[in-house]
Amino acid sequence: MKGKTRIKIQDHLDTKWTDCFDGMEVMHEGGFTILTVQLKDESHLHGILNWIRDLNLPIISINSCEE
Amino acid sequence: MLLTKLHRPPAGNNIVHRSALFEQLNLGLERKLILISAPAGFGKSMLVSDWSLQHIIPTAWFSIDNGDNDFASFVNYICAAIQTIKKDFGLKTVALLQSPNLPSAESVSALLINEIIEIPKQFLLVLDDFHVIRNPEIVKFTAHFLERLPANIHVVILTRSDPALPLARLRSQQQLVELRALDLGFSANDIHYLFNKKLKLKLSSEEVISLHAKTEGWIAGLQLLALSLQGREDISQFVRDFKGDNRYIMDYLLEEVLKIQTEDVKEFLLQTAVLEQLSAPLCNSLLNRNDSQAILEALEQNNMFIIPLDSERKWYRYHHLFARLLKQRLSVRDKEAVTELHKKAADWFKNNAFPFAAIEHSLEAGNPEKSAAYLGEIIEKMWEGGNHSAIMKYGDLLPADLVKKNATLSLFYSWTLIASGQVQKAAPFLIAAEENVRERLKDPTATEEEVCGDKKLFGKIAVALGYKYTFLGNPEKIFSYCKIAMENLSEDDPLWFSWGWYLTGMAQQAAENILESIEAQKKAMEYGKKAGNNYLITSIAISLAYSETRLGLFKLSHKRCANLLQLLQEQGYSEMLKSEWSFAVLYGNMAAIEYFWADLDNALENIQKAYSLCQTEADVTTKAIVVLVYCLVLHGRGDMAASEMKLKELDEVVKANAVNPNLKAMYVALKGGMLVLLNQPEKARSFFETNGLDPDKKITYADEHGYVAYALLLVSEHKVEQAFTLLARLYEMAAAQNRVERIIEIKIIYAVIYKFTGEKEKAVLNLVQSLEYAADNEIIMNHVNYLALINDLLLEVYKVQKTGKTKIPDSLLRKLKLTIAKREKQAKVIIPENLSSREVDTLQLIALELSNQEIADKLFVSLNTVKTHVKNIYAKLEVDNRKKAIEKGKALQLI
């Protein structure tokens, strides 16, 4: 997976977490948090997934925004 | 070694004993693996720690961190952990790992298992935070280890994500107990117990249920909640607000917890969160205060997510999740402060001899120059200790230009890259290192001490460059670099000196300068022993034995191999001999020599060992050599069908891979030679021609082997002149290097030709000479192989021997005669192989003097069937009564 990607997680993560990963944006949508990030490569993605795992944040979905 | 990583975390004072889970864990005492897989904060470590303490189970604990992705370091810690159960555990393994070249995962695992069996009690090996393991070698090791785990040890793996281990197999074998987030989370009952019984917070049952729903039993969340509730008047209100808020609960709760701390404690928490582990002196230095010990102990007292890492309360760490939340808060507030803290931490760790932490913190502080400098100071020690992955990790992490500026860094980083097969990636670093030091050596202002250090470094870089070229197959380059190495290194660096000589020896071998190779390897051995590096000593010994075999110095070579095996066994590495494929060459060499001695039983045993070692890994050359020798041994034993199969296997290996020319020649000689001996000249000719043999061309050392068989083919084609010319050339080559084994074979072929041309005296003379050459090393297999062609000549030789005119020892001829007799006997054994297994059974019962009816009853067959069997036995053994059948059966060892 590469390029702009949306990761949807349960609950509202504080928007202060923005940029804790290189260029990651944090937005709220309903009861969810949308993390938007420009993925450099696979290991970038895995780093973020590990981070999500370590915070015990439930992942709802991961989508690529690229056509 | 950080002993803090071996400390079993104590159960905190608010521990909830999980008796239902304990029962499941107890099942694990009958099984190999307990896997506890759940996200951070599900109380994995706490559960296992509490269970093992409550049930008084001896426990070896290993908290893995990122630095342990090094295979050597990982295994070192496992040994150290088990040493808490049994003193002196794994010392051999640890010694083995102290090497720039690492043994395979399989052999290390086998070594450990062998020692674990000796421990007279049951114990747990806990691998905490296994998810940080990314090194496939470690995963392979763990899988192998689990597969063969003895009954007195149970492995407990705690992880946030499922490991790539054969879990399905363990599950189906009932060797796995598994606990996951759903099992670990607190039930409403557990919450009631914690909040009302332990903390006496007086929550209503509705509140308990709503907290359960909100947190889904996540223990870290509940613990943080407990902290936020402490000392609150309005608990019910708080629980209602908490339930209604849809913020990430940790964001919410941390805010609340920090709110109720004093400003002082809050700052302490935030600023020390940058540390992976913290001690009072470190915190004092970081925060310019002197009361850190009191604060740390108070935090532990208040269950502030801080875990003591030793029983003296010297080192602590925050719960990973808690640290993460704190760190994020600090960096949002003040990024520069974070950098500053990392800088201070790096200095402290540097001054207190924690080099890795110093490197990590310098990197975090955005100061890779400092990291590179720190790394440069310890990298040689790391390399000597086999910490390859750590070297690789930092080498990859630091900017390439920075590494290139530091010759020491470049040297060891590139060596590690080469050893892992990344020769191309290593090249520019080595070039930079070479240039770098060459420039420095030109500097006239350098002190004597500096020059001395740089010369040494230059020598080491030359060794590394030579090492690189062994992979690229360029003997000339290897020679020139080894020469530079020797000029710059001294006997004070026996390890490097030994490496230099070893590489020279390998290059000489590749250039077919066998005598020179042996000289170099002897020097390598001298210094290798001084350096005490087992891996290097073994490699050198194998190379030496190989060269000696090539020269026909079979006794010497065989003794060298046997001594090496004995040495390794005495040092306790016998397990490694069964699993490390590099030993296949050793066993193969012994088998080949035993083959030439016609000691075919030992040859078979050794070649089977070699063959099984090459099954999984091994390089193509090793594999091909082993299969080739196997084929020879089977052929020598008269087992033609099996030999044929090995020859087909060899065909496949040679076809599928580019094998080295020398080996190819051996293969051509073997197969072509067999075709000639089987009297199939057309096939032999076309085989030789397809493989490029042409006596009009220049014959290289490598090809020479095949041309001996070619000469024999020429004889069978009546091209006697050509055969003579060819043999003369071959003889000259072999004699120049005194390669006895080849000379013997050539002399035999001469005998065959003279017999063909009717010059019997010359034929006998050549055969006598061949046996004289064979005497010193008792090489008799060539004569056995060509027996059909020289049998009559041999009888003449025996006559000459009686006149006392030869220099052949009688013992050699006795041995030859015995071997020939044995072989003839074996040849006869082949006849009754067409006896079916049922017929053999029948024959054996006949020998017990059972009647036909009794035999029929024993074998559960009809009387008629037995009669048929008996008739067949008589026919096949060419006998006409029971007595004779029994006699013949005994002679053929069927009874």
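**Salt bridges, interface and buried residues**

Modeller: B:Arg169 and B:Glu147 form a salt bridge, with their closest N and O atoms 2.7 Å apart. The pair links distant parts of the chain, 22 residues apart. Please bear in mind that this is a predicted model.

Biologist: Which helices of chain B hold B:Arg169 and B:Glu147?

Modeller: The salt bridge between the two side chains has its closest N and O atoms 2.7 Å apart. B:Arg169 belongs to residues 167–172 and B:Glu147 to residues 136–147 of chain B. The helices are therefore, in that order, α7 and α6.

Biologist: Is B:Arg169 buried, partly exposed or exposed?

Modeller: Buried requires under 20% relative accessible area and exposed requires over 50%. B:Arg169 has a relative accessibility of 39%, so it falls in between. The class of B:Arg169 is partly exposed.

Biologist: How far apart are N and O in the salt bridge of B:Glu796 and B:Lys799?

Modeller: Both residues lie in helix α43 (residues 787–802) of chain B, three residues apart, about one turn of the helix. B:Glu796 is partly exposed at 22% relative accessible area, whereas B:Lys799 is exposed at 53%. Their side chains meet in a salt bridge with an N to O distance of 3.5 Å.

Biologist: Which residues are linked in a network of salt bridges with B:Glu741 and B:Arg742?

Modeller: The side chains of B:Glu741 and B:Arg742 themselves meet in a salt bridge of 3.6 Å, N to O. Both of these residues are buried. The network that includes them also contains B:Glu704, B:Arg739 and B:Glu745.

Biologist: How many salt bridges does the rule find across the interface of chain A and chain B?

Modeller: Over all chains, the structure holds 51 salt bridges. One that joins the two chains is formed by the side chains of A:Asp54 and B:Arg324, at 3.3 Å from N to O. Across the interface of chain A and chain B, the number found is two.

Biologist: How much area do chain A and chain B bury between them?

Modeller: The contact involves 14 residues of chain A and 16 residues of chain B. Nine residue pairs are in polar contact between the chains. By class, the side of chain A that touches chain B has five nonpolar, four polar and five charged residues. Of the area buried, 52% is on carbon and sulfur atoms, and the total is about 1500 Å².

Biologist: Is B:Phe322 buried or exposed?

Modeller: B:Phe322 lies in helix α17 (residues 320–333) of chain B. Beyond its neighbours within four places in sequence, it is in contact with B:Leu224, B:Leu254, B:Leu269, B:Met304 and B:Phe305. Its relative accessibility is 1%, and since the cut-off is under 20%, B:Phe322 counts as buried.

Biologist: Which helices are included in what covers the buried residues of α19(B)?

Modeller: Helix α19 spans residues 355–364 of chain B, and its buried residues include B:Ala357, B:Ile359 and B:His361. B:Ala358 and B:Ser362 are also buried there. The cover includes three elements of chain B, at residues 335–351, 368–384 and 388–397, namely α18, α20 and α21.

Biologist: Which residue just after α19(B) takes a positive phi?

Modeller: The helix in question ends at residue 364 of chain B. Just after this helix, a phi of about 70 degrees is found at B:Gly366.

Technical notes: Residues numbered from 1 in each chain as written. Chains lettered and ligands numbered in written order. Predicted model: local features only at pLDDT ≥ 70, side-chain atom pairs only at ≥ 80, totals over all residues. Heavy atoms only, no water. Contact = heavy atoms within 4.5 Å. Buried area = accessible area lost by both parts, 1.4 Å probe. Salt bridge = Lys/Arg side-chain N within 4 Å of Asp/Glu carboxyl O. Polar contact = N/O pair within 3.5 Å; in protein donor to acceptor, adjacent residues only side chain to side chain. Nonpolar A, V, L, I, M, F, W, Y, C, P; charged D, E, K, R; others polar. Buried < 20%, exposed > 50% of the residue type's maximum accessible area, 1.4 Å probe, protein only. Helix = DSSP H or I, 4+ residues; strand = E, 2+ residues; numbered from the N terminus.
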